[in-house]
Amino acid sequence: MASEEPVEVVTCTAPVNIAVIKYWGKRDEELILPINSSLSVTLHQDQLKTTTTAAISRDFTEDRIWLNGREEDVGQPRLQACLREIRRLARKRRSDGHEEPLPLSLSYKVHVASVNNFPTAAGLASSAAGYACLAYTLARVYGVESDLSEVARRGSGSACRSLYGGFVEWQMGQRADGKDSVARQVAPESHWPELRVLILVVSTERKPTGSTAGMQTSVETSALLRFRAEALVPAHMAEMSRCVRERDFQAFGQLTMKDSNQFHATCLDTFPPISYLSDTSRRVIRLVHCFNAHHGRTKVAYTFDAGANAVIFTLDDTVAEFVAAVRHSFPPELNGDKFLKGLPVEPVPLSDELKAALGADPTPGGVKYIIATQVGPGPQVLDDPGAHLLGPDGLPKPAA
């Protein structure tokens with residue numbers, strides 16, 4: 001017979017982050033410790049987010065997890081590492097004699113449901129948002145209040161950066177146990193209100209080489225990767241922090257592009273080589289450089305993670321003209337009205353001079369759609385019970 005005891009349920013959301021100084025390569029595979037520090041920008045959850053509900057009850061017989069509506073194997077090592085770490089922290093808090101004993105037994109099993117409102121595994125940092133949301137939600141359900149960098153990191157390295165809004169650095173740390181490999185906010189989301197982000201989705205397919213496998217091969221075979229991590233990244237980190245602090249878009253944009261190019265160069269230096277960029281990605285790179293050359297300064301900047309989709313940084317006064325340039329170079333095939341998602345952008349005409357400067361023949365359909373967004377906050381708790389993804393029985397609610 002089912003017990004009368006209510007299920008403890010918490011629902012949270014967490015953001016995607018995009019690194020402008022890239023993390024690629026681990027010095028410890030199990031603890032997920034990076035070979036270099038990294039710095040990222042947290043994107044706004046109005047456009048891109050993971051939503052996760054966690055429920056614990058004495059009635060549950062096993063831990064279970066559903067991702068985007070499908071039940072997944074709860075035994076995945078990274079998922080288990082997150083669960084173990086949260087439960088360990090909860091036990092530690094209880095034994096430290098904090099406040100009253102936790103109201104819920106730590107032996108209760110947990111059910112988790114998680115959904116992304118954007119393509120998964122397509123190079124849009126879905127695992128970062130997903131594991132940050134998992135860590136944050138489990139911490140709420142189990143009453144854990146410590147720094148969650150380690151929990152999120154054990155799921156996906158870059159997930160620790162999604163625990164904060166604004167501009168975030170993940171300090172690589174030196175210790176073998178990884179206790180000093182933590183995320184820290186460099187500046188809050190309100191710091192640079194004019195900054196805008198455009199995601200040019202060129203592919204929603206799963207990438208051919210997953211990040212984990214790609215990194216491992218790069219660490220083993222790329223001499224460039226080692227050189228970048230040791231000789232170049234420390235100076236890049238200091239300079240990028242300065243650019244953010246001083247809101248220096250010129251320098252921010254140039255360093256963002258150079259670091260992205262360098263990361264992809266280490267992928268090509270990997271043996272056998274890894275190529276995440278597609279022909280369309282390379283056309284976007286060319287478009288950005290032509291656009292900037294036409295204006296005589298850096299007005300837009302690209303960065304590419306381990307995938308073909310471009311993330312463009314620019315300021316609010318340049319968004320409309322650059323979106324028009326993308327429409328000109330990659331005319332939408334059918335979905336003209338759905339080509340632009342997210343923040344509204346007023347259409348503007350392109351000057352004949354800029355059209356001439358962009359040169360190359362248009363590539364219809366090269367860019368599937370654009371998501372316009374901005375810098376946003378860290379994880380949030382949703383207080384509305386209607387937002388829960390799990391019903392009172394602890395199973396996913398049927399899709400509306």
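These are my notebook entries on a few features that I looked up in a predicted model.

**Entry on helix α5**

I began with helix α5, which runs over residues 223-246 and has 24 residues. I then looked along the helix for a bend, and I found a kink of about 50° at L232, shortly before the proline P234. At the start of α5, I noted that a side-chain oxygen of S222 comes to within 3.4 Å of the backbone nitrogen of L224.

Next I asked myself which residues of α5 are buried. I listed L225, R228, A229, V233, H236, M237, M240, S241, C243 and V244. What covers these buried residues includes the strands β2, β5, β10 and β11, together with the helices α4 and α6.

**Entry on backbone angles**

Most residues other than glycine have a negative phi, so I searched for exceptions. One of them is R247, which follows α5 and sits in the loop between α5 and α6; R247 is not a glycine, yet its phi is positive, at about 50°. I recorded R247 as partly exposed, because its relative accessible area is 42%.

I32 also has a positive phi, of about 55°, without being a glycine, and I placed it in the loop between β3 (26-28) and β4 (33-34). Is I32 buried or exposed? I32 counts as buried, because its relative accessibility is 1% and the cut-off for buried is under 20%.

The bond from F271 to P272 is cis, with omega near -5°, and P272 belongs to the loop between α6 and α7.

**Entry on I285**

I moved on to helix α7 (residues 279-295), where I285 is found. I285 is buried, because its relative accessible area is 16%, which is under the 20% cut-off. Leaving aside neighbours within four places in sequence, I found I285 in contact with L277, Y302 and F304. F304 is 19 residues away from I285 along the chain, while the C-alpha atoms of the two are separated by 9.8 Å.

Last, I looked at the second largest pocket, which holds about 180 Å³ of space. Residues lining this pocket include W66, L67, N68, A113, S114, V115 and P396. The elements that give two or more residues to the lining are β7 (64-67) and β9 (109-116), and β9 gives the most, with three residues.

Definitions and conventions:
Residues numbered from 1 in each chain as written. Predicted model: local features only at pLDDT ≥ 70, side-chain atom pairs only at ≥ 80, totals over all residues. Heavy atoms only, no water. Helix = DSSP H or I, 4+ residues; strand = E, 2+ residues; numbered from the N terminus. Expected span 1.5 Å × (residues − 1). Bend = angle between axes of the 7 residues up to and from the residue. Buried < 20%, exposed > 50% of the residue type's maximum accessible area, 1.4 Å probe, protein only. Contact = heavy atoms within 4.5 Å. Polar contact = N/O pair within 3.5 Å; in protein donor to acceptor, adjacent residues only side chain to side chain. 1 Å grid on protein atoms, 1.4 Å probe; cavity = no way out; pocket = protein on both sides within 12 Å on 5 of 7 lines; lining within 4 Å. Points joined across faces, edges and corners; volume = space filled by probe spheres on them.
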